[in-house]
Amino acid sequence: MKQKKASQIVLWLLLVSTVLLVLSYFNIVDKPFALPPDPEQLIQIETDGMSTDQVESSDNPTGSEVDILPSDNEEIVPSEVQATDSDEIDDSDTTGALKELVFTNINPDDITTDGTKLRVWPEESSVPQARDPNAPVLAQPNSDKPLAGAFVILDPGHGGSDIGVSWQGEEENDVLLEKNINLEIATKIQEELTRQGADVRMTRSTDEKHSYFYIMAYTADLLLQRYANDIKEIGFDPEPLENLRLLMQDVIRINSGLQDSGGRGIFDSIGTPPNLKLIYDIESEYKDTVFISIHLETSDQAEDKGVRVRYMSKEYAQDMNNSYAAGTDALKHSPNYNRYNSKRRESMAQLLADNLVATDSRMKTNLQPVIEDDLAVLRLNNVTSAQLTCGFLSNEEDRARVTSSEGQALIARGVATALLRYYTGDY
Ligand SMILES: [Zn+2]
């Protein structure tokens with residue numbers, strides 16, 4: 001009898017909670033656990049494909065229609081803020097309480113200085129670890145999708161009004177522009193890596209101009225989205241990351257090349273501003289992610305040819321930053337970042353140089369094949385990054401190779417082999 005009574009109570013409770021849930025769905029009663037979205041969240045939720053009306057309704061206790069759609073002449077609307085593609089932060093309601101996401105070690109005033117050189121940020125990460133930065137990446141490197149698990153960001157250099165280097169033949173219309181060839185090669189690499197199972201993103205897929213800061217903010221935003229999902233998985237509230245994503249989307253918008261106003265956003269200044277340290281610390285957890293910028297070169301010497309790879313170690317980045325600050329007061333600058341993984345960067349650069357030549361001996365250069373260099377696309381991110389120069393437009397043999405479908409396919413195959421070695425190596 002006791003059991004029967006208990007089961008009746010459970011049945012009633014179930015019935016009542018179902019009714020309440022249905023009512024909350026139609027906004028007749030408050031949603032359990034749901035908080036009203038703040039304006040920043042509205043922008044994020046907007047990118048999930050929901051209409052702004054749907055989002056607004058839960059924040060509108062009267063249930064009356066609120067027209068918040070922007071008028072035609074308004075410049076900045078939430079949908080313009082949407083800059084990247086399908087990876088969205090999981091906004092589904094959670095039933096448990098989430099831990100507060102606290103950032104540490106990001107106050108420059110706390111950092112002591114000896115006054116003779118630029119200060120550096122503490123070695124410790126400022127964010128809770130969501131991923132083991134040393135965990136294996138590839139699920140099944142011996143399968144027909146050996147690169148499954150890899151996340152590759154390809155950056156076809158230049159675009160739009162920024163043509164890069166060029167070559168002019170005898171005929172007037174016999175012109176080669178670096179920007180076009182870079183995009184063709186990057187597209188070939190994308191196809192090859194995707195065929196082998198990698199998740200590949202392109203900073204551009206059309207003839208459009210983006211600044212370095214756009215490219216770095218696009219990269220940062222991809223990683224911020226992934227980190228927000230991962231950190232939620234282990235019980236943290238990802239909400240504070242929304243502010244960082246908004247900063248990135250500002251940088252993306254300002255630097256899109258569609259407007260005259262350039263801007264560096266949080267990438268400004270010598271050293272590494274606090275928000276950028278957070279992003280770098282987050283990026284450093286993603287061993288599965290590499291960034292490769294695709295370029296060509298030109299030279300006064302017609303014999304200069306072949307493939308060269310540029311990378312930037314943490315020591316090199318700090319030296320460069322320190323030299324920029326020479327003769328100025330170190331205390332006026334942000335501290336330097338010192339958690340780039342130099343070994344991984346150097347290893348990937350060497351693997352790219354070696355495996356491209358092994359795939360196509362025509363890619364061997366007469367110059368130094370692997371070079372340390374100070375480039376924004378290498379300095380302003382903390383994934384394993386490299387700039388791959390696929391050949392010289394000033395060299396006849398290289399021109400034929402980098403513009404031919406066969407030559408481009410060999411570059412793609414070489415990059416895939418290099419990445420397979422990189423991901424299965426001990427780096
Ligand atoms: Zn270039």
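Predicted model: local features only at pLDDT ≥ 70, side-chain atom pairs only at ≥ 80, totals over all residues.
Residues are numbered from 1 along each chain as its sequence is written.

The secondary structure comprises 13 helices and 8 strands, where helices (H or I, at least four residues) and strands (E, at least two) are DSSP runs numbered from the N terminus. The protein has 427 residues, of which 38% count as buried. A residue is buried if 20 or more other C-beta atoms lie within 10 Å of its own, exposed if 12 or fewer do, and partly exposed in between, with C-beta atoms placed from the backbone. Two residues are in contact if their C-beta atoms, placed from the backbone, lie within 7 Å. Among contacts in the protein with a separation of 6 or more, 79% join residues 24 or more positions apart.

Helix H6 contains 22 residues and reaches 32 Å from its first C-alpha to its last, close to the 32 Å expected at 1.5 Å a residue; the expected span is 1.5 Å times one less than the number of residues. Of the 22 residues of H6, 18 are buried, so this helix is largely enclosed by the rest of the structure. Just after H6, Gly235 adopts a positive phi of about 95°.

H6 (residues 212-233) packs against helix H7 (residues 239-254) at an angle of about 160°, and the two axes are 8 Å apart. Axes are lines fitted to C-alpha atoms, for helices over the stretch in contact, and angles run from 0 to 180 degrees between N-to-C directions. This angle makes H6 roughly antiparallel to H7; angles under 35 degrees count as roughly parallel, over 145 as roughly antiparallel, 65 to 115 as roughly perpendicular and the rest as oblique. The contact residues of H6 and H7 divide into 13 nonpolar, 1 polar and 2 charged. Ala, Val, Leu, Ile, Met, Phe, Trp, Tyr, Cys and Pro count as nonpolar, Asp, Glu, Lys and Arg as charged, and the others, Gly among them, as polar.

A second pair is formed by helix H10 (residues 342-359) and helix H13 (residues 405-424), which pack at an angle of about 135° with their axes 8 Å apart. H10 and H13 are therefore oblique to each other, and their crossing is right-handed. Among the residues making this contact are Met348 and Leu352 of H10 and Ile411 and Val415 of H13. The residues of the contact of H10 with H13 comprise 9 nonpolar, 5 polar and 2 charged.

Attention now turns to the loops. Asn105, a residue other than glycine, has a positive phi near 55° and lies in the loop between helix H4 (78-81) and strand S1 (151-156). Asn105 is partly exposed, with 17 other C-beta atoms within 10 Å. His158 also has a positive phi, near 70°, and is found in the loop between S1 and strand S2 (166-168). His158 counts as buried, with 24 C-beta neighbours inside 10 Å. Ser161 is placed in the loop between S1 and S2 and is exposed, with 10 other C-beta atoms within 10 Å. The C-alpha atoms of Ser161 and His210 are separated by 9.7 Å, although these residues are 49 residues apart along the chain.

Definitions and conventions
Left-handed = near helix turned anticlockwise from the far one by under 90°.
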